[in-house]
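Subject: Structure for you to look at

Hello,

Here is the structure I promised to pass on. My notes on it follow below.

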Amino acid sequence: SALHVVRLEFGDYRLRAGAWMTLLAVAGVALFAGLGRWQLQRAAEQRILVAAFAAGTNAGADLLGARSTVALARYARVRARGQYDPARQFLLDNMSHDGRTGYQVLTPMRLDDHRVLLVNRGWVPLPGGRRDALPDIALPDAGPIEVSGRLDELPVTGLRAGVAVPSPDARWPKRTSFPDAAQLGAALGENIE
(Lines give C-alpha, C1' and ligand atoms only; values in the text may rest on other atoms or scores of the structure.)
Protein backbone atom coordinates (compact mmCIF):
# COMPACT_ATOMS: atom_id res chain seq x y z
CA SER A 1 0.00 0.00 0.00
CA ALA A 2 1.16 3.58 -0.72
CA LEU A 3 2.45 5.80 2.04
CA HIS A 4 -0.14 8.48 2.83
CA VAL A 5 1.06 11.63 4.53
CA VAL A 6 -2.30 13.43 4.81
CA ARG A 7 -5.58 11.69 5.49
CA LEU A 8 -8.76 13.71 6.05
CA GLU A 9 -12.32 12.48 6.47
CA PHE A 10 -15.45 14.60 6.03
CA GLY A 11 -18.42 12.34 6.57
CA ASP A 12 -18.39 9.84 3.72
CA TYR A 13 -15.67 11.74 1.86
CA ARG A 14 -12.05 10.74 2.42
CA LEU A 15 -9.00 12.59 1.16
CA ARG A 16 -5.63 10.91 1.06
CA ALA A 17 -2.61 12.74 -0.31
CA GLY A 18 0.69 11.04 -1.08
CA ALA A 19 4.10 12.36 -0.08
CA TRP A 20 4.64 14.16 -3.41
CA MET A 21 1.28 15.85 -3.31
CA THR A 22 1.88 16.98 0.28
CA LEU A 23 5.34 18.35 -0.57
CA LEU A 24 3.90 20.16 -3.58
CA ALA A 25 1.15 21.73 -1.45
CA VAL A 26 3.65 22.84 1.23
CA ALA A 27 5.93 24.33 -1.47
CA GLY A 28 2.96 26.17 -2.97
CA VAL A 29 1.97 27.61 0.39
CA ALA A 30 5.58 28.75 1.02
CA LEU A 31 5.80 30.30 -2.47
CA PHE A 32 2.56 32.26 -2.14
CA ALA A 33 3.44 33.39 1.40
CA GLY A 34 6.76 34.71 0.04
CA LEU A 35 4.97 36.50 -2.82
CA GLY A 36 2.55 38.04 -0.34
CA ARG A 37 5.44 39.31 1.80
CA TRP A 38 7.10 40.76 -1.33
CA GLN A 39 3.87 42.59 -2.25
CA LEU A 40 3.64 44.05 1.27
CA GLN A 41 7.26 45.29 1.00
CA ARG A 42 6.52 46.88 -2.39
CA ALA A 43 3.43 48.58 -0.93
CA ALA A 44 5.56 50.00 1.91
CA GLU A 45 8.12 51.31 -0.63
CA GLN A 46 5.33 52.96 -2.62
CA ARG A 47 3.95 54.63 0.52
CA ILE A 48 7.43 56.05 1.22
CA LEU A 49 7.67 57.44 -2.34
CA VAL A 50 4.19 58.97 -2.12
CA ALA A 51 5.09 60.59 1.22
CA ALA A 52 8.36 61.96 -0.23
CA PHE A 53 6.50 63.36 -3.25
CA ALA A 54 3.90 64.97 -0.99
CA ALA A 55 6.65 66.50 1.18
CA GLY A 56 8.23 67.97 -1.97
CA THR A 57 4.85 69.29 -3.10
CA ASN A 58 4.29 71.14 0.15
CA ALA A 59 7.77 72.69 0.21
CA GLY A 60 8.78 75.80 -1.68
CA ALA A 61 11.40 75.66 -4.43
CA ASP A 62 14.77 76.57 -2.93
CA LEU A 63 17.66 77.87 -5.00
CA LEU A 64 20.09 75.02 -5.57
CA GLY A 65 23.11 77.28 -5.21
CA ALA A 66 26.31 75.39 -4.37
CA ARG A 67 24.46 72.44 -2.80
CA SER A 68 24.88 69.05 -4.42
CA THR A 69 21.71 67.40 -5.69
CA VAL A 70 22.94 64.16 -4.11
CA ALA A 71 22.57 65.72 -0.65
CA LEU A 72 18.92 66.67 -1.28
CA ALA A 73 15.87 64.47 -0.89
CA ARG A 74 14.24 62.82 -3.87
CA TYR A 75 11.39 65.00 -5.18
CA ALA A 76 12.78 68.11 -3.46
CA ARG A 77 11.65 71.27 -5.24
CA VAL A 78 14.59 73.35 -6.42
CA ARG A 79 15.39 76.33 -8.60
CA ALA A 80 18.61 76.54 -10.59
CA ARG A 81 20.24 79.28 -12.62
CA GLY A 82 22.35 78.62 -15.66
CA GLN A 83 22.36 78.20 -19.40
CA TYR A 84 21.08 75.29 -21.50
CA ASP A 85 23.47 73.42 -23.80
CA PRO A 86 21.04 72.98 -26.73
CA ALA A 87 23.70 71.38 -28.95
CA ARG A 88 24.06 68.32 -26.68
CA GLN A 89 20.72 66.81 -25.67
CA PHE A 90 19.54 63.27 -24.94
CA LEU A 91 16.38 61.52 -26.06
CA LEU A 92 15.33 58.87 -23.53
CA ASP A 93 13.75 56.26 -25.78
CA ASN A 94 10.83 53.94 -25.02
CA MET A 95 8.91 56.47 -22.95
CA SER A 96 5.15 56.52 -23.30
CA HIS A 97 2.53 59.15 -22.56
CA ASP A 98 -1.23 58.61 -22.90
CA GLY A 99 -0.59 55.34 -24.75
CA ARG A 100 1.75 56.93 -27.31
CA THR A 101 5.44 56.15 -27.72
CA GLY A 102 8.05 58.87 -27.68
CA TYR A 103 11.02 60.35 -25.85
CA GLN A 104 11.79 62.24 -22.66
CA VAL A 105 14.10 65.14 -23.54
CA LEU A 106 17.09 65.65 -21.22
CA THR A 107 18.97 68.91 -21.72
CA PRO A 108 22.24 69.73 -19.94
CA MET A 109 22.25 73.03 -18.10
CA ARG A 110 25.55 74.66 -17.14
CA LEU A 111 24.96 76.22 -13.72
CA ASP A 112 26.45 79.53 -12.66
CA ASP A 113 29.16 77.64 -10.73
CA HIS A 114 30.00 75.59 -13.90
CA ARG A 115 28.45 72.31 -12.70
CA VAL A 116 26.17 70.49 -15.16
CA LEU A 117 22.60 69.60 -14.24
CA LEU A 118 20.36 67.49 -16.50
CA VAL A 119 16.91 69.02 -16.94
CA ASN A 120 14.04 66.83 -18.11
CA ARG A 121 12.16 69.17 -20.44
CA GLY A 122 9.32 66.71 -20.92
CA TRP A 123 7.93 64.18 -23.35
CA VAL A 124 7.77 64.46 -27.16
CA PRO A 125 6.11 61.96 -29.53
CA LEU A 126 7.88 60.03 -32.25
CA PRO A 127 7.70 62.24 -35.36
CA GLY A 128 4.89 60.79 -37.44
CA GLY A 129 4.98 57.69 -35.23
CA ARG A 130 8.28 56.65 -36.90
CA ARG A 131 11.73 56.05 -35.42
CA ASP A 132 13.71 56.94 -38.54
CA ALA A 133 13.39 60.69 -37.83
CA LEU A 134 14.21 62.67 -34.72
CA PRO A 135 11.82 65.16 -33.15
CA ASP A 136 12.52 68.88 -33.23
CA ILE A 137 13.82 69.70 -29.75
CA ALA A 138 15.64 72.91 -30.65
CA LEU A 139 15.93 75.63 -28.05
CA PRO A 140 16.28 79.33 -28.70
CA ASP A 141 19.56 80.75 -27.44
CA ALA A 142 17.97 82.57 -24.54
CA GLY A 143 21.12 83.07 -22.47
CA PRO A 144 21.06 82.48 -18.73
CA ILE A 145 17.71 81.37 -17.32
CA GLU A 146 16.23 80.07 -14.10
CA VAL A 147 14.32 76.78 -14.01
CA SER A 148 12.38 75.19 -11.19
CA GLY A 149 11.30 71.63 -10.73
CA ARG A 150 11.68 68.47 -8.69
CA LEU A 151 14.77 66.36 -8.25
CA ASP A 152 14.31 62.79 -9.35
CA GLU A 153 16.25 59.79 -10.51
CA LEU A 154 16.53 58.63 -14.09
CA PRO A 155 13.93 56.02 -15.05
CA VAL A 156 15.07 52.41 -14.77
CA THR A 157 14.06 49.34 -16.70
CA GLY A 158 12.74 46.19 -15.11
CA LEU A 159 15.07 44.08 -17.24
CA ARG A 160 18.73 45.01 -17.66
CA ALA A 161 18.48 43.96 -21.32
CA GLY A 162 16.52 47.16 -22.04
CA VAL A 163 19.53 49.44 -21.44
CA ALA A 164 21.10 51.24 -24.42
CA VAL A 165 24.06 53.46 -23.52
CA PRO A 166 24.45 56.65 -25.60
CA SER A 167 26.82 55.91 -28.48
CA PRO A 168 29.96 58.06 -28.51
CA ASP A 169 29.82 58.08 -32.33
CA ALA A 170 26.19 59.14 -32.61
CA ARG A 171 25.25 62.69 -33.50
CA TRP A 172 23.44 64.94 -31.08
CA PRO A 173 20.77 64.58 -29.88
CA LYS A 174 21.73 61.09 -28.72
CA ARG A 175 19.09 58.43 -28.33
CA THR A 176 19.44 56.25 -25.25
CA SER A 177 17.35 53.83 -23.21
CA PHE A 178 17.51 53.68 -19.43
CA PRO A 179 21.07 55.00 -18.95
CA ASP A 180 22.52 55.95 -15.59
CA ALA A 181 23.97 59.36 -14.72
CA ALA A 182 27.56 58.18 -15.17
CA GLN A 183 26.84 56.99 -18.74
CA LEU A 184 25.23 60.32 -19.65
CA GLY A 185 28.12 62.18 -18.04
CA ALA A 186 30.61 60.13 -20.05
CA ALA A 187 28.76 60.98 -23.27
CA LEU A 188 28.95 64.67 -22.34
CA GLY A 189 32.52 64.46 -21.08
CA GLU A 190 31.27 66.09 -17.84
CA ASN A 191 30.39 65.15 -14.29
CA ILE A 192 26.68 65.74 -13.94
CA GLU A 193 24.67 66.56 -10.85
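Ala181 counts as partly exposed, at 37% relative accessibility; buried means under 20% relative accessible area, exposed over 50%, and partly exposed in between, with a 1.4 Å probe and protein chains only. This is a predicted model, in which local features need pLDDT of at least 70 and side-chain atom pairs count only at pLDDT 80 or more, while totals for chains, interfaces and linings use all residues. Residues are numbered from 1 along each chain as its sequence is written, and side-chain values use heavy atoms, with hydrogens and water left out.

Ala181 sits in helix α2 (helices, H or I, of at least four residues and strands, E, of at least two are DSSP runs, numbered from the N terminus). Leaving aside neighbours within four places in sequence, Ala181 is in contact with Leu154 and Ile192, contact meaning heavy atoms within 4.5 Å. Its C-alpha atom is separated by 9.1 Å from that of Leu118, 63 residues apart along the chain.

Both Ile192 and Leu118 belong to the largest nonpolar core, which has 11 residues, including Phe90, Trp123 and Phe178. Such a core is a set of buried Ala, Val, Leu, Ile, Met, Phe, Trp, Tyr and Cys residues joined through side-chain atoms within 4.5 Å. At least two residues of this core come from each of β5 (90–97), β7 (116–125) and α2 (181–188). Another core, of seven residues, lies apart from it, and Ala80, Met109, Leu111 and Leu117 are among them.

Thr176 lies in strand β9 (residues 174–176) and is buried, with a relative accessible area of 1%. Not counting residues up to four places away in sequence, Thr176 touches Phe90, Leu92 and Leu184, among others.

Gly143 is in the loop between β7 and β8. It is buried too, with a relative accessible area of 18%. Beyond four places in sequence, Gly143 is in contact with Gly82 and Gln83; the C-alpha atoms of Gly143 and Gly82 are 8.2 Å apart.

Last, the largest pocket. It holds about 860 Å³ of space and is lined by 26 residues, of which Leu118, Arg150, Leu151, Asp152 and Glu153 lie nearest its centre. On a 1 Å grid over the protein atoms alone, a pocket is an open set of points where a 1.4 Å probe fits, with protein on both sides within 12 Å along at least five of seven lines, and lining residues have an atom within 4 Å of a point. The lining has 17 nonpolar, four polar and five charged residues.

Regards

Note on methods. Grid points are joined across faces, edges and corners, and a volume is the space filled by probe spheres set on the points. Ala, Val, Leu, Ile, Met, Phe, Trp, Tyr, Cys and Pro count as nonpolar, Asp, Glu, Lys and Arg as charged, and the others, Gly among them, as polar.
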